[in-house]
Amino acid sequence: MDEWRKSLSDTIGKNQLVEIDRSPVCSEYDEGFVLRVSDRFLLMSVLDPNMYLNGYSVVRLEDVKRYRVMDNGDSFASRALKLRGIMFEQPSGLSLDTLPDLLGNQLANGE
């Protein structure tokens with residue numbers, strides 16, 4: 001695993017807010033908590049600016065221009081979520097191995 005992928009993976013389970021820059025693919029940064037990193041994809045629990053978790057985002061690693069760990073697990077966002085009793089969870093049954101796996105084999109089945 002590349003050093004930067006390992007570093008990104010090291011944030012998993014540490015409640016560390018991460019900012020992902022995918023420019024020029026996307027002009028806005030993605031902020032959230034890294035849940036999983038595979039060889040091709042990154043799964044994160046997305047942080048809404050109103051201090052709620054707003055679903056999940058899967059990002060192709062080749063689109064990540066750079067990332068920044070925003071805190072050590074004690075940021076305002078992390079504390080606000082904790083006070084609200086909001087915890088991010090790993091979605092079950094989601095494979096990040098291939099795009100067809102990620103999309104629930106819909107592409108492989110021609111649906």
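Strands β2 and β3 pair in the antiparallel sense over five bridges, where pairing requires at least two bridges found by DSSP between two strands. In the predicted model examined here, local features need pLDDT of at least 70 and side-chain atom pairs count only at pLDDT 80 or more, whereas totals for chains, interfaces and linings use all residues. Residues are numbered from 1 along each chain as its sequence is written, and side-chain values use heavy atoms, without hydrogens and water. Strands (E, at least two residues) and helices (H or I, at least four) are DSSP runs numbered from the N terminus.

Glycine 32 has valine 46 in β3 as its bridge partner, and three residues separate β2 from β3 in a hairpin. An antiparallel pairing over four bridges joins β2 to β1; here glutamate 19 stands opposite glutamate 31 of β2. Six of the eight residues of β2 are buried, so the strand is largely enclosed by the rest of the structure (buried, under 20% relative accessible area; exposed, over 50%; partly exposed in between; 1.4 Å probe, protein chains only).

Serine 38 lies in the loop between β2 and β3 and is buried, at 14% relative accessibility. Beyond neighbours within four places in sequence, serine 38 contacts Arg5, Leu61 and Leu96 (heavy atoms within 4.5 Å). A polar atom of the serine 38 side chain lies 3.0 Å from the backbone oxygen of leucine 96.

In helix α2 (residues 76-83), Ala77, Ser78, Ala80 and Leu81 are buried. Viewed down the axis of α2, these residues fall within an arc of 165°, so they line one face of the helix; the arc is that of the directions from the helix axis to the C-beta atoms. Their cover includes β1 (17-21), β2 (30-37), β3 (41-48) and β4 (52-60). The face of α2 turned away from the buried side carries exposed Phe76, Lys82 and Leu83.

Terms used. A polar contact is a pair of N or O atoms within 3.5 Å; within protein, one must be able to donate a hydrogen and the other to accept it, and residues adjacent in sequence count only if both atoms are side-chain atoms.
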